[in-house]
Amino acid sequence: MAYEIEIILNRQLADCLSMPVFITDTTGNLIFYNEPAEKVLGARFEDTGEMKAETWSTVFKQQDETGRLLQPDELPLMRTLRDHYPYHKTFRIVSLKGNAEIISVTSYPIIGRTGKFLGAVAIFWSPKEL
Amino acid sequence: MKISIRGVRGSIPTTDPETAYYGGNTSCIVVSENDWILLLDGGSGMQRFNLLENTNIRRIDLLLTHLHLDHIQGIGFFNPLFDPSFDIHIWGPSSNTSSLHSRLSRYLSPPLFPVLIRDLPCKLTLHEIENSSFEIGPFNIESRFVIHPSPTVGYRITGEHSVFTYIPDHEPALGSLDFYNKKWISGIDLALSADLLLHDAQYSAQEYRRKVGWGHCSMDDAAKFASLADVKHLLLTHHDPSHTDKQLNELITDLKNRNNYLFNYELAAEGMKIELT
């Protein structure tokens with residue numbers, strides 16, 4: 001079954017952007033990430049294909065400025081998946097290799113012509129300050 | 001299932017003798033089976049629908065892919081709308097900003113047209129569809145939104161023995177980075193293994209490069225789409241109004257010289273009749 005056109009067109013847009021973009025389905029499974037996102041994730045979409053939510057959510061840890069682990073309901077994408085609204089937050093991510101980086105994440109829901117929630121998009125930014 | 005092609009031109013009708021072979025009327029297709037009639041789109045080709053061939057039929061279903069003018073301009077000249085003995089059903093894509101009635105009324109009202117929808121004497125019923133499945137007589141019909149500016153659907157029509165897919169305005173390449181993964185191709189579910197696919201092919205590959213995002217398809221992409229969908233027969237339609245018969249013949253010859261698709265493919269022409277068995 002093909003994806004809805006709103007998902008397909010979001011992927012096309014993501015492919016044209018220089019910011020890392022992750023696209024998930026309605027349950028958080030990662031269905032596409034663009035080339036800049038490959039650098040964040042440390043993997044190529046061609047190699048991994050789609051990733052289950054429980055798999056890609058463990059690729060990095062999310063911490064606040066004090067090093068406290070953030071709970072899922074504090075993360076923009078998780079909040080978007082839960083209530084279908086956009087969110088934004090700046091925090092620290094630590095990769096499995098231990099590399100730490102401060103990022104800002106903007107997430108938004110994909111709500112199609114029919115008014116149905118179809119998935120979510122997370123865009124990663126390099127913030128000027130935490 | 002019988003398919004009768006009444007209009008194949010994209011965007012605007014042409015009356016030039018140089019387009020007379022393939023035809024100058026905009027989109028309209030007649031589908032019939034067991035005394036049921038579907039009209040697909042109400043372009044200028046709709047005026048050629050001959051009621052004398054079907055004198056016993058009093059219900060007609062008009063399935064609109066979208067409401068661009070070249071797909072509705074024939075509606076006002078469709079005689080059964082002005083006959084109280086007819087039961088007319090118009091099906092069209094929903095919009096989250098205005099109703100189908102409201103959008104059709106923009107055309108069927110002054111100053112663009114002298115008669116209001118509410119004054120039409122036929123029994124008229126409007127149906128708003130989206131990604132829908134519904135039945136009309138012997139036909140099982142699926143509609144799905146496809147990539148084209150403004151709400152636009154394609155149709156997969158399953159009859160008793162055959163499947164006909166109609167996607168006259170479609171730009172699948174706009175959303176498909178990889179034209180090999182079916183999950184990421186707009187409209188592919190409608191066309192899978194269809195006996196006949198009538199698909200947008202407005203541009204040459206060269207023209208398409210200058211018109212990305214206009215909502216239409218190159219002949220090359222239409223053929224790739226049909227190949228991926230594994231259709232049995234492809235009819236290329238929505239011919240660009242600037243393309244003469246001679247140019248269309250050159251384009252299809254060039255396409256065939258560069259490809260070895262196993263399915264039958266050709267240009268749609270007004271007056272074509274195809275029976276799917």
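Which residue is the bridge partner of Asp200(B) in S12(B)? That would be Thr237(B). Keep in mind as you look around that this is a predicted model.

- Seven strands of chain B make up an open sheet with mixed pairing, and their order is S7-S8-S9-S10-S11-S12-S13.
- At the edges sit strand S7 (132-136) and S13 of chain B, each of which pairs on one side only.
- From neighbour to neighbour, the strands of this sheet are turned by 15° on average, direction ignored.
- Strand S11 (residues 196-200) and strand S12 (residues 233-237) of chain B are parallel partners, held by four bridges.
- Besides the pair in the opening question, His199(B) has Leu236(B) as its bridge partner in S12(B).
- On to the next pairing: S12(B) and S13(B) are also joined in the parallel sense, over four bridges.
- There you can find His233(B) standing opposite Asn264(B) in S13(B).
- How well covered is S12(B)? Mostly covered, with four of its five residues buried.

**The sheet that runs from S6 to S14**

- Another open sheet of chain B has seven strands in the order S6-S5-S4-S3-S2-S1-S14, and its pairing is mixed.
- Its edge strands are strand S6 (123-129) and strand S14 (273-275) of chain B, each pairing on one side only.
- The twist from one strand to the next averages 20°.
- Inside this sheet, strand S4 (residues 59-63) and strand S5 (residues 87-93) of chain B run parallel and share five bridges.
- One residue pair to look for here is Leu62(B), which stands opposite Ile90(B) in S5(B).

**Helix H6, one side in and one side out**

- Helix H6 of chain B covers residues 245-258, which is 14 residues.

- You'll find Leu38(B) in strand S3 (residues 36-40) of chain B.
- With 26 other C-beta atoms within 10 Å, Leu38(B) is buried, because 20 or more is enough to count as such.
- Leaving aside residues up to four places away in sequence, Leu38(B) touches Val31(B), Asp61(B), Leu63(B), Ile136(B) and Phe139(B).
- His89(B) is 51 residues apart from Leu38(B) along the chain, and the C-alpha atoms of the two are separated by 9.6 Å.

**Backbone features in the loops**

- The loop between strand S2 (28-33) and S3 of chain B holds Asn34(B), and Asp35(B) has its place in that loop between S2 and S3 too.
- Phi of Asn34(B) is near 50°, a positive value in a residue other than glycine.
- For Asp35(B), phi is near 65°, again a positive value in a residue other than glycine.
- Elsewhere, Pro110(B) and Pro111(B) are joined by a cis peptide bond, with omega about 5°.
- Pro111(B) lies in the loop between helix H1 (100-107) and S6 of chain B.

**Where the two chains touch**

- How many residues does each chain bring to the contact? Chain A gives 12 residues and chain B gives 17 residues.
- On the chain A side, those residues divide into six nonpolar, three polar and three charged.

Note on methods: Residues numbered from 1 in each chain as written. Chains lettered and ligands numbered in written order. Predicted model: local features only at pLDDT ≥ 70, side-chain atom pairs only at ≥ 80, totals over all residues. Helix = DSSP H or I, 4+ residues; strand = E, 2+ residues; numbered from the N terminus. Expected span 1.5 Å × (residues − 1). Contact = placed C-beta atoms within 7 Å. Nonpolar A, V, L, I, M, F, W, Y, C, P; charged D, E, K, R; others polar. Pairing = 2+ DSSP bridges. Axes fitted to C-alpha atoms, helices over the stretch in contact; angles between N-to-C directions. Buried ≥ 20, exposed ≤ 12 C-beta atoms within 10 Å, placed from the backbone.
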